[in-house]
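Reader: I would like to go through the side-chain contacts of this model. Let us take rings and charges in turn.

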Amino acid sequence: EKVTEEQDATVSDEETRAAKINYIRMSADKHSQEYIDKWMKYARMNIKNQYQPFSREARQFSDDDTFEKIIYKNNAKKDYEKQVFNMESGELSKIIQDGKDYYIIQCVDNYLKAESLANKNSLIEKNKKEYFNKEYKAYLDDIDTDFNSASIEGVELPSSDEYVHYNLITIYNQIVK
C-alpha cells in the first residue's frame, strides 16, 4: 500500500466515465450499402421526429439482439464508442460508420455516477498492481542473492525409527492443545 499510495491520484474522473447508450447497428457483411443507407436514414428520422421510440426501431433494424449498452471511456475501442463521450444526454447521433458497421446512437445518460466510480476504483487497483509489480521486479533484479547449494548437497536426513519428522502444522496443533 505504501509503495502504491500515489497511484490513485493519477486516475481522473473523466477518464473513467461511464455512459449509457441505445444503439442500432447494421453490418455491411449482412446488408447492401443501399439497404443500410435507406433504413438507417428512415430509422433515424423516425426517432428524431419522435414518430417511433428508439427501442422499436432498434428491434426492427439492428443486427444485434440488444440495443442498450454501458460504455466506459477507458475501455472504448471502437470509433462510435469514443464519440459517445462527446454527446449530451438525450442527444441522437448522425449515422456513424465504424469499419463495416454503421451505427445510430442515442446517449441516454452521459455520466453514470455509480458505474464511473466502480470503473475508477477498478482502474486504480489495476494501476497499483502494475506499478507494484514493476517496482518489485526492479527490486528483485537489484538485490544480490547467493544460494550456497554446495553446502547442502551432502546433507541427508536420517531415516530410522528413532527420528520423527514433523511439519509446521503438526507442531502448531501440539502447541495449541
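This is a predicted model: local features need pLDDT of at least 70, side-chain atom pairs count only at pLDDT 80 or more; totals for chains, interfaces and linings use all residues.

Reader: What kind of pair do the rings of Tyr80 and Tyr103 form?

Author: The ring centres lie 3.7 Å apart. The planes are at 15 degrees. Planes under 30 degrees apart count as stacked. The pair is therefore stacked.

Reader: How many residues apart in sequence are the parts that Tyr80 and Tyr103 tie together?

Author: Tyr80 lies in helix 3, residues 79-84. Tyr103 lies in strand 4, residues 101-109. The pair thus ties together parts whose separation in sequence is 23 residues.

Reader: What is the angle between the planes of Phe132 and Tyr136?

Author: These two form an aromatic pair, 5.7 Å centre to centre. The pair is stacked, and stacking requires planes under 30 degrees apart. The angle here is 10 degrees.

Reader: Where do Phe132 and Tyr136 sit, and how many residues apart?

Author: About one helical turn separates Phe132 from Tyr136. Both belong to helix 4, residues 113-142. Their spacing is 4 residues.

Reader: Which ring has the charged end of Lys69 over it?

Author: The charged end of Lys69 is 5.8 Å from the ring centre. The cut-off for that distance is within 6 Å. The ring belongs to Tyr23.

Reader: How many residues apart are Lys100 and Asp29, which form a salt bridge?

Author: Their closest N and O atoms are 3.4 Å apart. Lys100 is in the loop between strand 3 and strand 4. Asp29 is in the loop between strand 1 and helix 1. The pair links distant parts of the chain, with a separation of 71 residues.

Reader: Are Lys100 and Asp29 buried or exposed?

Author: Lys100 has 53% relative accessibility. Asp29 has a relative accessible area of 58%. The exposed class begins over 50%. Lys100 counts as exposed, and Asp29 is exposed.

Reader: Which residue forms a salt bridge with Lys137?

Author: The closest N and O atoms of this pair are 3.0 Å apart.

Note on methods: Residues are numbered from 1 along each chain as its sequence is written. Side-chain values use heavy atoms; hydrogens and water are left out. Rings of Phe, Tyr and Trp (its six-membered ring) pair if their centres lie within 6.5 Å; planes under 30 degrees apart count as stacked, over 60 as edge-to-face and the rest as tilted. Helices (H or I, at least four residues) and strands (E, at least two) are DSSP runs, numbered from the N terminus. A charge sits over a ring if NZ of Lys or CZ of Arg is within 6 Å of the ring centre and within 35 degrees of the ring normal. A salt bridge is a side-chain nitrogen of Lys or Arg within 4 Å of a carboxyl oxygen of Asp or Glu. Buried means under 20% relative accessible area, exposed over 50%, partly exposed in between (1.4 Å probe, protein chains only).
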